[in-house]
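Reader: I have a chain open on my screen. Can you walk me through it, briefly?

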Amino acid sequence: MSLHLTKKTHACVRLSKDGRTVVIDPGTFSEQDAAVGADVILVTHEHLDHFNEDRLRAGLEANPAAELWTLRSVAEKISAAFPGRVHTVGHGDTFEAAGFDIQVHGELHAVIHPDIPRITNVGFLIDGSVFHPGDALTVPDHAVDTLMLPVMAPWNKISEVIDYVREVKPRRAIDVHDALLTDLARPIYDSQIGSLGGADHVRLTPGDTTRL
């Protein structure tokens with residue numbers, strides 16, 4: 001069965017199939033109930049726009065069978081409250097959760113500034129098809145059908161975003177990490193990424209769902 005993707009605000013997305021749901025990066029910029037209804041929650045790193053403890057707690061409390069996979073810095077903040085349900089992962093790990101096959105790719109957050117220490121960041125490849133890199137331009141050693149594209153961030157510029165699409169070579173790229181991108185600038189990004197990236201470029205409004 002095909003995946004359905006629902007865009008949430010900023011970096012958060014929901015992927016669903018067969019009545020089961022994965023939520024990635026329900027952070028502070030995302031809706032308060034972004035993780036509610038999830039069977040699997042994935043968090044790429046500890047920055048507040050990707051990790052919000054209250055949103056994780058809401059998702060894990062709403063579904064007693066839901067579990068969280070993330071890196072150590074996030075797991076340490078919440079694992080005591082949900083024993084046995086919070087799992088630490090790193091680059092190269094693979095696991096199955098709620099019928100989804102998940103691979104972990106990447107190790108470090110992109111450079112924001114040389115004076116700012118880099119933190120750990122992992123990306124998640126879902127069912128060998130959809131890749132969410134978090135805050136990094138990680139190129140997985142696996143073909144990607146749908147790339148969740150961090151389109152606007154303090155650590156990137158549009159030439160890097162375009163070259164990232166070219167390097168990953170997905171069939172389509174869907175914008176995430178876009179809360180900082182103003183409506184005035186969106187047509188410029190849409191035009192340049194769409195014409196130069198070499199993949200179908202899709203921008204969804206939070207709440208929109210598309211079949212992958």
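**The sheet and its helices**

Author: Seven strands make an open sheet with mixed pairing, ordered β7-β8-β9-β10-β11-β12-β13. Two strands pair if DSSP finds at least two bridges between them. This is a predicted model: local features need pLDDT of at least 70, side-chain atom pairs count only at pLDDT 80 or more, and totals for chains, interfaces and linings use all residues. Residues are numbered from 1 along each chain as its sequence is written, and side-chain values use heavy atoms, with hydrogens and water left out.

Reader: Which are the edge strands?

Author: β7 (94–97) and β13 (200–202), each pairing on one side only. From one strand to the next, the twist averages 25 degrees.

Reader: How do you define helices and strands?

Author: They are DSSP runs numbered from the N terminus: helices are H or I with at least four residues, strands are E with at least two. The chain has four helices and 14 strands.

Reader: Back to the sheet. How do β9 and β10 run?

Author: Antiparallel, with three bridges joining β9 (residues 123–126) to β10 (residues 130–132). F124 stands opposite H132 in β10.

Reader: And in which sense do β11 and β12 pair?

Author: Parallel, over five bridges. There, M148 stands opposite I174 in β12.

Reader: Is β12 buried or exposed?

Author: Mostly covered: five of its five residues are buried. Buried means under 20% relative accessible area, exposed over 50%, partly exposed in between (1.4 Å probe, protein chains only). R172, I174 and V176 are on one side, A173 and D175 on the other, and all are buried.

Reader: Which strands does α3 lie across?

Author: β10, β11 (146–150) and β12 (172–176). α3 runs at about 160 degrees to β11. Angles run from 0 to 180 degrees between N-to-C directions, and axes are lines fitted to C-alpha atoms, for helices over the stretch in contact.
α4 packs on the sheet too, touching β11, β12 and β13, and its direction makes about 160 degrees with that of β13. Contact means heavy atoms within 4.5 Å.

Reader: At what angle do α3 and α4 pack?

Author: About 35 degrees, with the axes of α3 (residues 158–168) and α4 (residues 186–196) 9 Å apart. The crossing is right-handed. Right-handed means the near helix is turned clockwise from the far one by less than a right angle, left-handed anticlockwise.

Reader: Which residues meet there?

Author: I158, V161, I162 and R166 in α3 meet Y189, Q192, I193 and L196 in α4. By class, that contact has six nonpolar, one polar and one charged residues. Ala, Val, Leu, Ile, Met, Phe, Trp, Tyr, Cys and Pro count as nonpolar, Asp, Glu, Lys and Arg as charged, and the others, Gly among them, as polar.

Reader: Why does V161 count as buried?

Author: Because its relative accessibility is 1%. Leaving aside neighbours within four places in sequence, V161 contacts L149, P150, V151, N156 and I193. The C-alpha atoms of V161 and I193 are separated by 7.6 Å, though the two are 32 residues apart along the chain.

Reader: How much of the chain counts as buried?

Author: 52% of the 212 residues.
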